Amino acid sequence: MASTSTISSLGVGSGIDAESIVTKLVALESQPITQLKTEASKVQSKISAYGKIQSAVSDLQSAARKITSVDTWGATTASSSDATAVTASTSSGAQTGSYSVVVNSLAKPQSVVSNSYMSSSSAALGASGTLTIELGSWSGSTFSAGSSSVNVSVAATDTLETIRDKINKSSSGVKATIITDSSGSRLVMQSATTGASNGFRITAADGDGNNTDDSGLSTFAYAPDSATSGTTLTQSASDASATINGVAVTSTTNTLSEVVTGLTLTLSKASSTATTITVGQDNDSITSALQDFATKYTALSDLLRSNTKYDESTKTAGTLQGDSGAVSILNQMRAIVGGSTSASSTFTTLSSIGLEVQSGGGLTVNASKLKSALNNLPEVKKLLANSDSSDPTKDGIGTRMRTLTSTVLDLEGTLTTRTKGLNATLNDNSKRQEQMQSRVDLYEKRLRAQYSALDTAMAKLTSNSNYVTQMITSLNKSSSSS
């Protein structure tokens, strides 16, 4: 009997299209997995939608906090009748009102210049020694040191530029520059900060043995109490002097930030004419906060509507249509912005101050109406920011929205629990897919084994049949020849 060949492909031995049969049977068996994948895709879309909603709710929460913040309602702004002399800015605690400011003098740093000229700023000084720099205050020729001294070592090869750089790197409180004109270059030294207490004294330990003359290293010394002659005082260190509503004040700098609570004054020019600083409520920042609230509310409202509605024109449902969590959030939001409060005796609804609900559910700001309402700031504040633990009907609308968004975002809130539930569903779906895929894989393996066995058996039968046919044919030939 002839031997059979190895079956390399289903159906070769039997002549049946077994591969196609197995493929179709496996596809039929896999239909539940396909359905699970479709369901998983829908769940994932819901999780994604809730993620976007969570972000939008967080944005609205921030906006609600802003319109209920003490800082927002206490915000002030300042204006100046002469910005060339005095400018002003406000911070928390500033009180509305006006202030009359007269700038007598500005705070200045001490400045000295060396008397001797160098032919070039890059020419070597040719003298060595040590410069000692001290910060403090001067009273005539008497110096009162206010800090530890700093030593600057100078070599004979140092140039004016090198000495300048050494002083600037010394952290002594004195800065140096070079001025150059037709006569040559000189060193200018100036206090790093203004104020009478930031004057300075410079003494020299000159390598030439004379520490006070206008030669060698002592040319940079400034110490009237030691009769130095190497430098000239061009400006004395002094404090700023001003009067605010008739009260005399001084400052080491030209910025007065502690004189009036919440008010910072920047002095720019001395003038005998009083500058009027007016501090008023900052309606612009309040308007901006309310505009942001309207924008964030509208964005969330639109997002929830688009995800929960059914579009008749396209016959398509939103990702969260019928989802009780999303619908509940939208309904609660609408109830708050469209509702009223007894917090204010003047304004009871958002629309009464110019925050108007549109046909699509969003909020828009009527600028002129809001501007008019802000003339009664205390009542607008009550409408939006009032909080009454004993009577919730007196809570402001902003307070209610802040509470709602906090509740929704809480660990046990709608968004958290709904997303957690959807993730659990997705995880369960994935496990079921894995289990079903394992069964399908076994089913396919079994089918292939069965059809492979059939191929082998059919191949053997075909081989035997061919052998018998050959034998009969051979016998017939033998009989005919005899």
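Entry 1, ground rules. I worked on a predicted model, in which local features need pLDDT of at least 70 and side-chain atom pairs count only at pLDDT 80 or more, while totals for chains, interfaces and linings use all residues. Residues are numbered from 1 along each chain as its sequence is written, and side-chain values use heavy atoms, with hydrogens and water left out.

I looked up pLDDT (the predictor's confidence in each residue, from 0 to 100) and found that the protein chain averages 90, with 95% of the residues scoring at least 70. Over residues 1-8 pLDDT stays under 50, and for them the model has 10 contacts (heavy atoms within 4.5 Å) beyond four places in sequence.

I then turned to helix H2 (residues 31-67) and helix H9 (residues 397-409), helices being DSSP runs of H or I with at least four residues; the two pack at an angle of about 145 degrees with their axes 8 Å apart, where axes are lines fitted to C-alpha atoms over the stretch in contact and angles run from 0 to 180 degrees between N-to-C directions. Among the residues that meet are Gln54, Val57 and Arg65 in H2 and Met401, Arg402 and Leu409 in H9.

I found 3 strands (DSSP runs of E, at least two residues) forming an open antiparallel sheet in the order E2-E15-E14. Strand E2 (86-90) and strand E14 (255-260) each have a single partner strand, so one side of each lacks a neighbour in the sheet. Strands pair if DSSP finds at least two bridges between them, and 5 bridges join E2 to E15 (residues 263-267).
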